[in-house]
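I opened the notebook today to go through this two-chain model, residue by residue where I could and chain by chain after that. What follows is what I looked up, in the order in which I looked.

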Amino acid sequence: MFDGDSEVEVTETKLPGIGLRHDFVTEDGRRVGVVSRKSGRRDLVVFGKDDPDACSLVVGLNGSEADALAEFLGSRRIVERLASLSEQVANLVTGKVRIAHGSRYDGLTLGATRARTRTGASVVAVIHAGQAIASPGPEAALQGGDVLVVVGTAEAIEALRDIVAE
Amino acid sequence: MSDAITLMELGGIVLLLGLLGRFAGRIGLSPIPLYLLAGVLVGHGGVLPLGASEEFISVGAEIGVILLLLLLGLEYTAAELVTNLRQQAPAGLVNIVLNAAPGVAVGLIMGWPAAGVVAMAGITCVSSSGITAKLLTDLGRVGNRETPVVLSLLVLEDLSMAVYLPVLTAMLAGVGVLAGVLSVGIALVAVAAAMLVALRLSRPLGRLVFSENSEVLLLIVFGLALLVAGLAQQAQISEAVGAFLVGIALSGRVATSAEQVLTPLRDFFAAVFFVFFGMRIEPADIPPMLLPALALVVVTTVTKVAAGALAARRAGIALPGQIRAGTVMVSRGEFSIVIAGLATGSAIVAPGLGPLAATYVLLMAVGGPLLARAGEPAGRWAVALAARLGRRGPMSGPAVAEGAGESPLP
């Protein structure tokens, strides 16, 4: 996890004739839960501080209200996760590497460059005669004038450029 | 001409019930006692005796009992019944013994035959799951940690009805010991069969019964329940048990949908049943029963609170929760009247049973919800008192972390 969450220990309790209750104790020591009724309604329940057996707050929600609340709680978390993911992505760049006519790899296959093994950069497309071949396999033929579209760190792309220039 | 009178009588009484229901809702009461009173008023010896519509009301009352029990069975799945039986059997047994005993005592004092004594035991024993479930929602206690305990006790009471009703029916019919044992045996086999069907064959049965069309579903489930109820009555094991078993055997999607379509029908016919029960009570018989009923109310309130509190304590609930659990289930209602209805409709002679049961339920259905509301401040008061005494009260249990019936998810 990105923000050091630990696994939440959720307790499930059957409520015969009514439905199910799921609850857990938060880091701050408050017990919160949701009662799922057979009718589809949900009760958001917060347990009391002085009497841990009783709910001090009960909010009844119909199906779409429960969905809205879940989406709000859920998507906030997703946005946070995406933000931290894009921080990691920030170190990645895309670049173009041209294969010169008469290069060592003119007429060989993409596999022969062993680009990912040697540099860590990934070739995501080969532009051949103005046409992009997406996700090329190792058997893709390279010719002088082709352009490799590469994703990786700036250093890795630079290293690949050196290799094909040999 | 008599058709017109029947319609007018019926319309008048149903309209009256509607107005009474609205009034009950406004003052936060269960409508059951008002329906009973309405029945007493329009019954024999009442202020406005009905004539023409009595036949319809009598058949309607029988359907009301069947629907009450059918929906009770639909509410629970067989798996829930089995788990509850395993986990809460001791507490459930304590509850039943404590609350049947006052009824037995009254029956013996009144000198009723054995069947009357057994009927009275059931009347004082079984809580109103309708009133209790509504109270739990109204008071915002559905999520509380003592609530599963309360619900478990209710489930066990209801499950014990499946055994109790055939026994009572056999005794009320006055059959010999051998025939009685036989019909009880049939009932137990039927209970086991219904549980087995629910546990093993719920999918194929569900496919057979289920329909997306609510009209079709209503007709199929209602028809099935009436048919099985009739067969059960034929086999001397009480139509109520038959309907209850149909409810248990159906589970999953069928049960949820059937519950939805049948609830309005149940509400109507159950109201008719309460009126019918009230109609058979002479108003003049009620005043002499006030004092015994009041004594019974006091005793069975204490026993019910004790049973609920003990069960909650066993599940590791603290003192305030124990008091809430005990007080919320004090109300007696629909099933006490179902039992009393069976007894008064039979041939046995138990003078005063009907009026006593009616007065008792009137008081309990009115007083129970009030007491349940008082449970919250009473719990706080008990804690304060226990603190002032400087020692733990007799009912304060150990603060165990997890209640019974709770299982941690992986």
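Entry 1, a loop residue in chain A. I looked up Asp28(A) and found it in the loop that runs between strand E2 (19–25) and strand E3 (31–37) of chain A. The model is a predicted one, and I keep that in mind for every value below. Is Asp28(A) buried or exposed? Its relative accessible area is 71%, so I noted Asp28(A) as exposed, the cut-off being over 50%. I then took the distance from Asp28(A) to Gln143(A), which lies 115 residues away along the chain, and the two C-alpha atoms turned out to be separated by 64 Å.

Arg114(A) sits in the loop between helix H2 (110–113) and helix H3 (115–119) of chain A. Ser135(A) also has a positive phi of about 45° without being a glycine, and I located it in the loop between strand E8 (131–134) and strand E9 (147–152) of chain A. Ser135(A) counts as exposed because its relative accessibility is 62%, which is over the 50% cut-off.

I counted up the elements next: how many helices and strands does chain A have? The answer is 4 helices and 9 strands, and read along the sequence they follow the pattern β-β-β-β-β-α-β-α-α-β-β-β-α. Of the 166 residues in chain A, 34% are buried. When I took the contacts in chain A between residues at least 6 apart in sequence, I found that 45% of them join residues at least 24 apart. The accessible surface of chain A comes to about 10,100 Å², and carbon and sulfur atoms hold 55% of that surface.

I turned to the contact between the two chains, to which chain A gives 25 residues and chain B gives 27 residues. The area buried between chain A and chain B is about 2,200 Å², with 53% of it coming from carbon and sulfur atoms. Which residues of chain A lose the most area to chain B? I wrote down Pro16(A), Lys38(A) and Asp53(A), which together make up 29% of what that side buries.

I looked up Val177(B) and found it in helix H8, which covers residues 177–200 of chain B. Val177(B) counts as exposed, since its relative accessibility is 71%. From Val177(B) to Ala187(B), 10 residues apart along the chain, the C-alpha separation is 15 Å. Ala190(B) is in helix H8 of chain B as well, but I had to record Ala190(B) as partly exposed, because its relative accessible area is 23%, which falls between the 20% and 50% cut-offs. Leaving out residues up to four places away in sequence, Ala190(B) touches Ile237(B) and Leu245(B). For Leu245(B) I also took the C-alpha distance to Ala190(B), which is 7.8 Å for two residues that are 55 residues apart in sequence.

Ala382(B) lies in helix H16 (residues 353–389) of chain B. I noted Ala382(B) as buried, because its relative accessible area of 14% is under the 20% cut-off. What does Ala382(B) touch, not counting residues up to four places away in sequence? I found Leu319(B) and Ile323(B). Pro320(B) is 62 residues from Ala382(B) in sequence, and their C-alpha atoms are 7.2 Å apart in space.

Along the principal axes, the C-alpha atoms of chain B fill a box of roughly 75 × 55 × 45 Å. Among contacts in chain B with a separation of 6 or more, 85% are between residues 24 or more positions apart. The accessible surface of chain B is about 17,300 Å², of which carbon and sulfur atoms hold 71%. I also noted 22 positive and 22 negative side chains in chain B, with the centres of the two sets 15 Å apart.

Key. Residues numbered from 1 in each chain as written. Chains lettered and ligands numbered in written order. Predicted model: local features only at pLDDT ≥ 70, side-chain atom pairs only at ≥ 80, totals over all residues. Heavy atoms only, no water. Contact = heavy atoms within 4.5 Å. Areas by Shrake-Rupley, 256 points an atom, 1.4 Å probe, with all protein chains shown as cover. Lys, Arg positive; Asp, Glu negative; His and termini not counted. Charge placed at Lys NZ, Arg CZ, Asp CG, Glu CD. Buried area = accessible area lost by both parts, 1.4 Å probe. Helix = DSSP H or I, 4+ residues; strand = E, 2+ residues; numbered from the N terminus. Buried < 20%, exposed > 50% of the residue type's maximum accessible area, 1.4 Å probe, protein only.
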